[in-house]
Amino acid sequence: MDKLTIGIADMKMAQGTGMLVTYALGSCIGICLYDSVIKLGALIHIMLPINLETGRKNVMKYADTAIRETLKQMEAKGGKRARITAKIVGGAKMFEDNGGSLGNIGQRNIESVRLNLKKEGIRILKEDVGGTVARTLLFDVTSGLGCVRSYGRQELII
């Protein structure tokens, strides 16, 4: 089975078979989008809640633009929005912010991902978000199952 690694501010898609993997989800969020009928899966690794920077070319860095663009690409491959579901992982609070300007970026990412998926009409089936640990996310396109690994915790199937 092919294993595709998704970097930070990145997205990859597979159909039929394949394992999509992303590492070091701290305050970032991994979003698994899946159409189970045609076994089309995508995994996005977003960094920030919203794209406020005009002219920024990497749409996969932000929850709002990454979700929109990935759904467009899935539909181009035959995915149907009514069948596409989501699983989200990450959004941890990795640092004490001491009232800094960033605030809790992990929590803001969680809220933005939930809001944008809802806006696009995508149902969230499972989530493993918040807390204070970084996570690795593996997404099996054949089964639609995700596996979350993090230090000091039992492996979680989502």
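In this predicted model, Asp-128 has a relative accessibility of 10%. Buried means under 20%, so Asp-128 counts as buried. Asp-128 belongs to strand E7, which spans residues 123–129. The side chain of Asp-128 makes a polar contact of 2.6 Å with the side chain of Arg-153. Arg-153 is also among the residues in contact with Asp-128 when neighbours within four places in sequence are set aside.

Strand E7 is part of an open sheet. Five strands form this sheet, in the order E2-E5-E4-E6-E7, and their pairing is mixed. E2 and E7 stand at the edges. Each has a single partner strand, so one side of each lacks a neighbour in the sheet. On average, neighbouring strands are turned by 15° against each other, direction ignored. Strands of a sheet pair through backbone hydrogen bonds, either parallel or antiparallel. E6 and E7 run parallel and are joined by six bridges. Thr-85 stands opposite Arg-123 of E7.

Helix H1 lies across E2, E4, E5 and E6. H1 runs at about 165° to E5.

The largest nonpolar core contains 22 residues. Ile-31, Leu-33, Ile-44, Ile-46, Val-113 and Leu-117 have the most contacts inside this core. Strands E2, E4, E5 and E6 each give two or more residues to it, as do helix H1 (63–76) and helix H2 (105–119). H1 gives the most, with five residues. A second, separate core has 14 residues, including Leu-25, Val-141, Val-148 and Ile-158.

Key:
Residues numbered from 1 in each chain as written. Predicted model: local features only at pLDDT ≥ 70, side-chain atom pairs only at ≥ 80, totals over all residues. Heavy atoms only, no water. Helix = DSSP H or I, 4+ residues; strand = E, 2+ residues; numbered from the N terminus. Buried < 20%, exposed > 50% of the residue type's maximum accessible area, 1.4 Å probe, protein only. Polar contact = N/O pair within 3.5 Å; in protein donor to acceptor, adjacent residues only side chain to side chain. Contact = heavy atoms within 4.5 Å. Core = buried A, V, L, I, M, F, W, Y, C linked by side-chain atoms within 4.5 Å. Pairing = 2+ DSSP bridges. Axes fitted to C-alpha atoms, helices over the stretch in contact; angles between N-to-C directions.
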